[in-house]
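Subject: Model for your review

Hello,

Here is the structure I said I would pass on. My notes follow below it.

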Amino acid sequence: MKYNVIHRGDDISIQLMHSFHRLIGQYGLVHEEEHPDVVLSIGGDGTLLHAFHQYKEQLETIAFVGIHTGRLGFFADWKPDEVELLAELMGEAAQQNDLRVVKYPLVEIQITTAQGIETQLALNEFTLKGVDATLVAQLHINDELLETFRGDGICISTPAGSTAYNKSLGGAIVHPSLDAIQIAEIASINNRVFRTLGSPIILPKHHHCDMYPRANQNILLSLDHVYTQRNDILSIRSMVAAGKKVKFARFRPFPFWSRVREAFIGYEPLGENKS
Ligand code: NAP
Ligand code: MN
């Protein structure tokens with residue numbers, strides 16, 4: 001089994017990377033940057049997003065795992081003082097050729113411009129925002145007009161990303177066993193003249209949402225942590241990525257809802273008075 005490490009660049013993450021190289025070498029794993037089987041991200045959830053985008057052409061064969069240094073991570077769910085345990089469990093999995101993974105759905109977007117169609121993938125979400133004015137875009141679901149949106153923007157997230165930007169927008173947390181995407185509004189304008197649905201909506205796989213921004217608008221497009229400004233977009237289609245998922249290596253059970261509790265509520269056990 002081959003592995004690579006992607007780190008945030010701070011001293012603690014770099015130190016942990018050196019420890020990990022030393023520990024995992026004892027189990028015969030080989031360091032390989034081009035085509036690893038496991039990618040260890042050391043840093044924050046943002047570091048894991050970097051790792052995902054670096055290896056997004058190889059999702060079939062790569063499993064990701066993350067150690068969080070600093071703040072509590074959601075994707076990066078191993079603590080720095082567990083690096084020895086992680087190396088041991090990864091080493092055992094490699095020796096027994098038994099790498100357990102969980103697979104999470106992704107969002108795929110197809111951007112249509114006068115030049116053609118570009119396809120992109122996101123692990124958390126993509127967002128569309130106006131740069132110098134309110135975003136105006138028609139929203140169609142399965143080729144039928146839903147609404148004309150006016151406001152700051154629109155966020156389309158995966159279940160794994162439902163705990164990120166989407167959560168700040170009042171979107172629901174969605175279990176990643178569901179093949180779905182969620183559309184959440186960012187500060188829509190609603191009054192007697194302009195109307196949007198106002199609630200986040202969840203689309204199952206095989207459904208699609210098309211957005212047609214008003215012509216020549218300057219648009220800020222984000223895909224996870226990557227932002228680009230453009231004015232050539234004719235439409236954007238989003239849907240659950242067909243046949244493409246991200247794999248996370250699971251060397252011990254850590255259910256999604258436990259991660260939600262640890263990331264957002266804390267570790268405190270319930271006291272006597274549970275009401
Ligand atoms: P960042 O500003 O560090 O990210 C914002 C926060 O979101 C950080 O605490 C980050 O954790 C956390 N996070 C990332 N993915 C998450 C997930 N799937 N579940 C729960 N928390 C998650 O920027 P970044 O590290 O480059 O990450 C980019 C992401 O930031 C975007 O994909 C978007 O989801 C999120 N974001 C959120 C808002 C908002 O909530 N208003 C606005 C813009 C972007 P770490 O500190 O461990 O990195
Ligand atoms: Mn971050």
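**Helix packing**

Helix H1 (residues 11-25) packs against helix H3 (residues 83-95) at an angle of about 35°, and their axes are 9 Å apart. Helices (H or I, at least four residues) and strands (E, at least two) are DSSP runs, numbered from the N terminus; axes are lines fitted to C-alpha atoms, for helices over the stretch in contact, and angles run from 0 to 180 degrees between N-to-C directions. The crossing of H1 and H3 is right-handed (the near helix is turned clockwise from the far one by less than a right angle). From H1, Leu16, Phe20, Leu23 and Ile24 meet Val83, Glu84, Leu86, Ala87, Met90 and Gly91 of H3, where contact means heavy atoms within 4.5 Å. By class, the residues of this contact are eight nonpolar, one polar and one charged (Ala, Val, Leu, Ile, Met, Phe, Trp, Tyr, Cys and Pro count as nonpolar, Asp, Glu, Lys and Arg as charged, and the others, Gly among them, as polar).

This is a predicted model: local features need pLDDT of at least 70, side-chain atom pairs count only at pLDDT 80 or more, and totals for chains, interfaces and linings use all residues. Residues are numbered from 1 along each chain as its sequence is written, chains are lettered from A and ligands numbered from 1 in the order in which they are written, and side-chain values use heavy atoms, with hydrogens and water left out.

**Pocket and cavity**

The largest pocket holds about 300 Å³ of space. It has 13 lining residues, and those closest to its centre are Leu59, Glu60, Gly243, Lys244 and Lys245. Strand S6 (116-122) and S15 each give two or more residues to that lining, with S15 supplying the largest share, four residues. The lining of the largest pocket has two nonpolar, four polar and seven charged residues.

On a 1 Å grid over the protein atoms alone, a pocket is an open set of points with protein on both sides within 12 Å along at least five of seven lines, a cavity is a set where a 1.4 Å probe fits but cannot get out, and lining residues have an atom within 4 Å of a point. Grid points are joined across faces, edges and corners, and a volume is the space filled by probe spheres set on the points.

There is one cavity of 30 Å³ or more, and the largest cavity has about 60 Å³ of space. Its lining includes Leu139, Leu146, Ile154, Ile183 and Leu197. Strand S9 (144-157) and strand S10 (180-188) each supply at least two of the lining residues. The cavity lining divides into seven nonpolar, one polar and two charged residues.

**Buried residues**

Ser235 is in strand S15 (residues 235-249). Ser235 counts as buried because its relative accessibility is 11% (buried means under 20% relative accessible area, exposed over 50%, partly exposed in between, with a 1.4 Å probe and protein chains only). Leaving out residues up to four places away in sequence, Ser235 touches Gln110, Ile111, Thr112, Met211, Tyr212 and Pro213.

Pro176 sits in the loop between helix H4 (165-168) and S10, and is buried, with a relative accessible area of 1%.

In helix H5 (residues 256-264) the buried residues are Phe256, Arg259, Val260 and Glu262, and what covers them includes strand S5 (101-113).

Regards
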